[in-house]
Amino acid sequence: MLEISKPRLIFWELTKKCNLSCLHCRAEAKKIDYSNELDLTQIKKIINSIAIYSSPILVLTGGEPLYRDDLFEIASYGIEKKLSLALATNGTLITKEIAAQIKKVGISRVSVSLDGWDEKTHDSFRGEQGSFRKALQGISFLREQGIDFQINTTITKRNINQLEKIIDLAVQKKAVALHLFMLVPVGCGLKIAETEMVSSFEYEKTLLWLSQFSRKNIIDIKATCAPHYYRIIRQNNSWDENFGKNKMELKTKGCLAGSGVCFISNQGEVQPCGYLPLKVGNLLKKSFQEIWEQAEVFKFLRDEDQLKGKCGRCEFKKVCGGCRARAYYNYNDYLAEEPFCLYEPGKKG
């Protein structure tokens, strides 16, 4: 029987409401029903269920979580229950007062999305003129409060040639980390996959460059939704004693969906991750422990021997695992091979 590790991170979509009209969400926004979003009483019940079982980092996200009037009451309650709280936001709603509240309640880290190094690139993706400027203003208020923040960037065709400038921006703004997200063509991302998603060759090239750049230790950089990065850093000796801050990467693996992380929807549905739309249980009906330990989908995701195709044959499957969401998108099978990986199992170097 496979050992069941407790979750490291839980991403919780508190609301689907948002103040922006991002390129990847525009077509979906009109279809969203907000009427059944969890209320404060239900959220506290779910927090209790999580806290009884484990002590993960709880990432409050959306939509835009700052749209909820009770956000800080939710955060305060989670911290009271000994959970570590983080906030994922587009940054545009962070005022001086909001930043002070974030500090006061004890949220340990805030992630702010910047999808380009300049106003033109970011605003065209986010669908609102001035959103780049507002996000940077929000960051400045976080800095004034001494709040750790990271920058999240989704890599697309429009910004793939800006990565060094984006890193420079993150360093200039004194971010503690930069997380680079590889676009996953599921849900909202499906709408822009053809026009925005870079090729598998470009992903491989970018991840190789990133593994080499990370050795400079300028800033903590993490590739997210890019499990083959963990193959690449081993293939190219980017994981030796000079790997610096990112030596911690060796203690984890690529795809953690259902094994180290999970996602809770605005209605209490649990999924392996936010990009893999497989509902495995609702926290209004079952305890977190029951869902985490007994959901069949999670059991399969924790067993690398269940992987199919070249992922099943790959010597790096225990450190990579392939993106299960991309497999689901491409083959309607979350255990199928990673379609955006160029590596052929058994190939040297």
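This is a predicted model: local features need pLDDT of at least 70, side-chain atom pairs count only at pLDDT 80 or more; totals for chains, interfaces and linings use all residues.
Local features need pLDDT of at least 70 and side-chain atom pairs count only at pLDDT 80 or more, while totals for chains, interfaces and linings use all residues. Residues are numbered from 1 along each chain as its sequence is written, and side-chain values use heavy atoms, without hydrogens and water.

An open sheet is formed by 10 strands, with mixed pairing. Their order is β7-β6-β5-β4-β3-β2-β1-β8-β9-β10. Strands (E, at least two residues) and helices (H or I, at least four) are DSSP runs, numbered from the N terminus. Two strands pair if DSSP finds at least two bridges between them. β7 (220-224) and β10 (281-282) each have a single partner strand, so one side of each lacks a neighbour in the sheet. Helix α7 (residues 163-172) packs on the sheet and touches β5 (149-155), β6 (177-182) and β7; contact means heavy atoms within 4.5 Å. The direction of α7 makes about 150 degrees with that of β6. Axes are lines fitted to C-alpha atoms, for helices over the stretch in contact, and angles run from 0 to 180 degrees between N-to-C directions.

Tyr53, Phe288, Trp292 and Phe298 form one aromatic cluster. Rings of Phe, Tyr and Trp (its six-membered ring) pair if their centres lie within 6.5 Å; planes under 30 degrees apart count as stacked, over 60 as edge-to-face and the rest as tilted. Trp292 is buried at 0% relative accessibility, and Phe298 is buried with a relative accessible area of 0%. Buried means under 20% relative accessible area, exposed over 50%, partly exposed in between (1.4 Å probe, protein chains only).
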